[in-house]
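Please open the structure in your viewer and keep the selection tool at hand. The tour below goes from one selection to the next and says what is to be found at each stop.

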Amino acid sequence: MPTGNHWTADPSKIITGLLEQLGKEEKRTETMTKVNRARSTSPPDGGWGWMIVAGCFLVTICTRAVTRCISIFFVDFQTNFSQDYAQTAWIHSIVDCVTMLCAPLGSVVSNHFSCQVGIMLGGLLASTGLILGSFATSLKHLYLTLGVLTGLGFALCYSPAIAMVGKYFNRRKALAYGISMSGSGIGIFILAPVVQLLIEQFSWRGALLILGGFVLNLCVCGALMRPITLKDDQTTSEQNHVCRTETQGFQQASPSSSWTKEWVQTCLCGSLQQEYNFLLMSDFVVLAISVLFMAYGCSPLFVYLVPYALSIGVSHQQAAFLMSILGVIDIIGNITFGWLTDRRCLKNYQYICYLFAIGMDGLCYLCLPMLQSLPLLMPFACTFGYFDGAYVTLIPVVTAEIVGTTSLSSALGVVYFLHAVPYLVSPPIAGWLVDTTGSYTAAFLLCGFSMIFSSVLLGFARLVKKMRKTQLQFLAKESDPKLQLWTNGSVAYSVARELDQKDGESVAIAMLGSNPT
């Protein structure tokens, strides 16, 4: 009976209503389980998966390439709003930082609704930000529209699309990711002159308006992301369905009872805890720390390579040509390194290849201060660009190896989230070092040692893990010949007791057989 604005519920009626509701939902749950098992499959490694790769390729163009092309508008922004370069450059920093900071939000939306919904919603937000930016009357308006709103839309699209590729491919995963991630370099190569032409023909406002229409293609990319249920996803989906069923039963039994609220909170916390349980894995923690150092090192080169080339006497056209070489070779690294690491001889060593690529970029940084002419800078641009594309391709592959396919979307959201702060602070720190020391040497050396430390940290963690596994197996064999040990990271499961029980049962059966009554 209602008392004022509160309901007083009889516990017996609540339990009775809950049991009735659960009884009705029991058959529905069994049917849902059978359907999920029927639909579950292994990654097809082809078929519609190539459409997923095409969709992710377009998502990469519409997000990462468009973000890089925003800097083309800076001269017009400075002229129109009478602002300096530092104030204008914040637009690029904000959109890049928001895209990475909100990457976990994109994973949450795609996990709780669908990848299609997340990417379509992100496409609408990003397009709205670009279109509203074309009507801006100050830089603050551009910070909110072109920076925050567009960055949020890109965040909802980027990590879910990349995670979807991992669900459709296993045997050729690195190649699929190489093709998908190459959209960034190819997009910059094509969009940069097109955007400049649009600015000349329609002014910067018209160019932003047209770019907003182009970004709406993200909605088409989202429609391509057909969901697939893998065998690894069965347990998670069934547990989430049971949780939703029990929550609905509580709500129908007593809509306003405190028991319902507590149960809903428990289910939500349990769902999020299950979704992000990989955060407690030691391997993922090491990967996260290494990503921070890797992201710090990789960003400043794209800001300071041209100024460094100009400082040693290279012409403006030649310095711009170095950036073009870097972008083209980056694309080649995306595709060819993904194809190479999918070969049978390297398939089991993708983790090592990832470390090698990061370490090579770090060594390139250390050599850069000694390169004082264009003929020496060109091999540097080729080498750095190739291995930059190589490790970018393997980031989702290594993440999937650590957390599995089921948690890949959430894990990639966290990994890209960790890129945000280094991307934001590393160029200013490098600039401060250049201003303080009067040369680029300290800035490049710090970036190089940062990337080498990232590689060494991952390699040391993998070495410690293998040594611990070998030691556990050796101790198991020495202590008891019956003891069989399977290791999963640092967790060991012993079955010696089960073997003893089987031996006891066989002895008892033999005794009964020899003494019949």
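For the rings of Phe, Tyr and Trp (its six-membered ring), a pair is counted if the ring centres lie within 6.5 Å, and planes under 30 degrees apart make the pair stacked, whereas planes over 60 degrees apart make it edge-to-face. With that rule, a search of the whole structure, which is a predicted model, finds 18 aromatic pairs.

**Aromatic pairs**

Select Phe-73 and Phe-77, whose rings form a stacked pair with 5.8 Å from centre to centre and 15° between the planes. Phe-73 and Phe-77 are both buried.

Go on to Phe-356 and Phe-387, where the ring centres are 5.6 Å apart and the planes stand at 80°, so this pair is edge-to-face. Because Phe-356 belongs to helix α16 (residues 350–367) and Phe-387 to helix α17 (residues 374–403), the pair ties together parts that are 31 residues apart in sequence.

**Helix α5 and its neighbours**

Next, colour helix α5 (residues 103–112) and helix α7 (residues 139–168), whose axes come within 7 Å and cross at roughly 65°. The crossing in which α5 passes α7 is right-handed. On the α5 side the contact is made by Ala-103, Leu-105, Gly-106, Ser-107, Val-109 and Ser-110, and on the α7 side by Leu-152, Ala-155, Leu-156, Ser-159 and Pro-160. By class, this contact of α5 with α7 holds 7 nonpolar and 4 polar residues and no charged ones.

To display the contact, select Ala-103, Pro-104, Ser-107, Ser-110 and Asn-111 in α5, which meet Ser-409, Ser-410, Gly-413, Val-414, Tyr-416 and Phe-417 in α18. The residues of this contact of α5 with α18 comprise 5 nonpolar, 6 polar and no charged.

**Helices α2 and α8**

Now move to helix α2 (residues 49–69) and helix α8 (residues 173–181), where the axes come within 7 Å and cross at roughly 35°. Which residues meet between α2 and α8? From α2 there are Trp-50, Val-53, Cys-56, Phe-57 and Thr-60, and from α8 there are Ala-176, Ile-179, Ser-180 and Met-181. The contact of α2 with α8 has 7 nonpolar residues, 2 polar residues and no charged residues.

Select Ser-203, which lies in helix α9 (residues 183–215). Ser-203 has a positive phi of about 70° although it is not a glycine, and with a relative accessible area of 36% it is partly exposed.

**The whole protein**

Finally, zoom out to the whole protein, in which there are 20 helices and 4 strands. Of its 517 residues, 46% are buried. Among the contacts with a separation of 6 or more, 82% are between residues 24 or more positions apart.

Technical notes. Residues are numbered from 1 along each chain as its sequence is written. This is a predicted model: local features need pLDDT of at least 70, side-chain atom pairs count only at pLDDT 80 or more; totals for chains, interfaces and linings use all residues. Side-chain values use heavy atoms; hydrogens and water are left out. Axes are lines fitted to C-alpha atoms, for helices over the stretch in contact, and angles run from 0 to 180 degrees between N-to-C directions. Helices (H or I, at least four residues) and strands (E, at least two) are DSSP runs, numbered from the N terminus. A crossing is left-handed if the near helix is turned anticlockwise from the far one by less than a right angle, and right-handed if clockwise. Contact means heavy atoms within 4.5 Å. Ala, Val, Leu, Ile, Met, Phe, Trp, Tyr, Cys and Pro count as nonpolar, Asp, Glu, Lys and Arg as charged, and the others, Gly among them, as polar. Buried means under 20% relative accessible area, exposed over 50%, partly exposed in between (1.4 Å probe, protein chains only).
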